[in-house]
Amino acid sequence: MGRRRRKVARIPKKRLPQVFLCPQCGKEAIRIDLSKEEGTASVGCGACGLADHLPFTSPTYKEIDVYCRFTDKYYDRRKSKI
Ligand SMILES: [Zn+2]
């Protein structure tokens, strides 16, 4: 019984699959593009088409920060509609 198992250890390179959960359709399809030169971040959902632009001024701003603001804004807008 000489069963040898060869472990194929393939570590995938961690590219940035920066997708976030969409507050509108609930899919992980939100992409965020930071344009540091312009100081804007564009947020868009690949599934339902929800999109927005947010300003960001801090150089330490990251995608996740933009995402938080984006969802905040989204829920705010919804609240004010009711
Ligand atoms: Zn969506």
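Visitor: Hi! Which residue takes a positive phi in the hairpin of β1 and β2?

Guide: G26 does, with a phi near 80 degrees, and the hairpin has 6 residues between its strands. Strands here are DSSP runs of E with at least two residues, helices are runs of H or I with at least four, and both are numbered from the N terminus.

Visitor: What kind of model am I looking at, and how are residues numbered?

Guide: This is a predicted model, where local features need pLDDT of at least 70 and side-chain atom pairs count only at pLDDT 80 or more, while totals for chains, interfaces and linings use all residues. Residues are numbered from 1 along each chain as its sequence is written.

Visitor: Thanks. What's the strand order in the sheet?

Guide: The order is β1-β2-β3-β4, an open sheet of 4 strands with antiparallel pairing. Two strands pair if DSSP finds at least two bridges between them.

Visitor: Which strands sit at the edges?

Guide: β1 (19–21) and β4 (51–55) are the edge strands, each pairing on one side only. From one strand to the next, the twist averages 30 degrees. For such angles, axes are lines fitted to C-alpha atoms (for helices over the stretch in contact), and values run from 0 to 180 degrees between N-to-C directions.

Visitor: How many bridges join β2 to β3?

Guide: There are 6 bridges between β2 (residues 28–35) and β3 (residues 40–45), which run antiparallel. S35 stands opposite T40 of β3, and I32 has V43 as its bridge partner there. The hairpin of β2 and β3 leaves 4 residues between the strands, and G39 in the turn has a positive phi of about 75 degrees.

Visitor: And how many for β3 with β4?

Guide: That antiparallel pair has 5 bridges, with A41 standing opposite L54 in β4. Their hairpin has 5 residues between the strands, and its turn contains G49 with a positive phi of about 90 degrees.

Visitor: New topic: what makes up the largest nonpolar core?

Guide: It has 10 residues: F20, C22, I30, I32, A41, V43, C45, V66, Y67 and F70. β2, β3 and α1 (63–81) each supply at least two residues of this core. A nonpolar core is a set of buried Ala, Val, Leu, Ile, Met, Phe, Trp, Tyr and Cys residues joined through C-beta atoms within 7 Å. In soluble globular proteins, nonpolar side chains tend to be buried together.

Visitor: What does V43 touch?

Guide: Leaving aside neighbours within four places in sequence, V43 is in contact with I30, I32, A51, D52, L54, V66 and F70. Contact is when the C-beta atoms of two residues, placed from the backbone, lie within 7 Å.

Visitor: Last one: where is Q18, and what is Q18 in contact with?

Guide: Q18 is in the segment before β1. Setting aside neighbours within four places in sequence, Q18 is in contact with R31, I32 and E63. Q18 counts as partly exposed because it has 14 C-beta neighbours inside 10 Å.

How values were computed: Buried ≥ 20, exposed ≤ 12 C-beta atoms within 10 Å, placed from the backbone.
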